[in-house]
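Colleague: Please take a close look at the aromatic rings in this model. I would like one connected account of how they pair.

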Amino acid sequence: MKQFLSLCLFVLTSTSFAQIVNKQLKSVYPTTYYFETQRMEMYRSLVSNDDFLPTPLGERANEMALTAWSHQLGICVGLSQHFYLDGGVSWLQNGEAYAFNDLNSDSTFNYETRYRYLALPLQLKVAFGQRLKCFGGLGMVPALYQGYKQDLEWTNALGAKYDDQIKVNNTMNSFTLSWIGSVGIEAPLGNNFAFRFGAMYRSQLNNSYSPYEDYIHKSKGWGLTIGLSKQL
């Protein structure tokens with residue numbers, strides 16, 4: 001009987017303590033949901049896959065950065081006075097571009113390549129401030145490959161214009177992993193809504209292509225984020 005009473009007392013005490021801690025966490029950093037759009041300047045590192053077959057980069061060495069938009073639905077859960085977890089589901093894009101102009105004729109050749117993923121970003125973040133919060137974080141972004149699109153445009157020597165679109169690429173790795181860093185601010189708007197604005201850097205750790213392709217391709221980029229959050 002005494003053991004049963006002791007157990008009941010322990011459970012009640014633990015529950016009360018958990019409720020107090022939970023209330024304290026919510027008062028410092030309440031659980032929030034958010035939607036965020038990311039405008040990223042994406043580029044890539046590209047080297048020959050010498051372990052398989054040394055291959056020159058050719059004109060791909062001249063590829064440039066590409067503006068790519070990504071979107072994320074996430075949740076922030078407080079861990080302590082200043083730390084919280086930021087996780088979500090993201091429709092994520094990487095990419096690069098290429099542009100060639102022949103100085104001796106009207107010939108041109110341009111393309112924009114986009115790689116699309118379903119990602120699950122997770123960051124550990126630190127925040128300071130009461131109403132206007134400043135935050136920064138580091139984390140990882142595992143992603144599953146969803147699709148590929150390459151838009152091509154070119155003109156011949158006489159200036160006639162052509163275009164095409166490629167949507168199939170069988171050389172892609174089905175899984176990528178990137179690290180991510182971010183900073184930003186969160187400003188209250190009323191009715192438990194807040195405006196989010198920040199900057200982000202993302203860098204891929206593994207190859208975008210399968211192990212037996214000619215190149216090792218890793219996307220990276222930086223950009224700005226803007227969103228809206230809602231406290232529970």
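Modeller: **Aromatic ring pairs**

Y98, F109 and Y111 are linked into a cluster by ring pairs. Rings of Phe, Tyr and Trp (its six-membered ring) pair if their centres lie within 6.5 Å; planes under 30 degrees apart count as stacked, over 60 as edge-to-face and the rest as tilted. The model is predicted: local features need pLDDT of at least 70, side-chain atom pairs count only at pLDDT 80 or more, and totals for chains, interfaces and linings use all residues. Residues are numbered from 1 along each chain as its sequence is written, and side-chain values use heavy atoms, with hydrogens and water left out.

By the ring rule there are eight aromatic pairs. One of them joins F52 and Y212: the ring centres are 5.9 Å apart and the planes lie at 65°, so this pair is edge-to-face. F52 belongs to the loop between β1 (32-48) and β2 (66-78), and Y212 to the loop between β9 and β10, so the pair ties together parts 160 residues apart in sequence. The strands named here are DSSP runs (E, at least two residues), numbered from the N terminus.

The charged end of R196 sits over the ring of Y34, 3.9 Å from its centre; the rule asks for NZ of Lys or CZ of Arg within 6 Å of the ring centre and within 35 degrees of the ring normal.

Conventions. Helix = DSSP H or I, 4+ residues; strand = E, 2+ residues; numbered from the N terminus.
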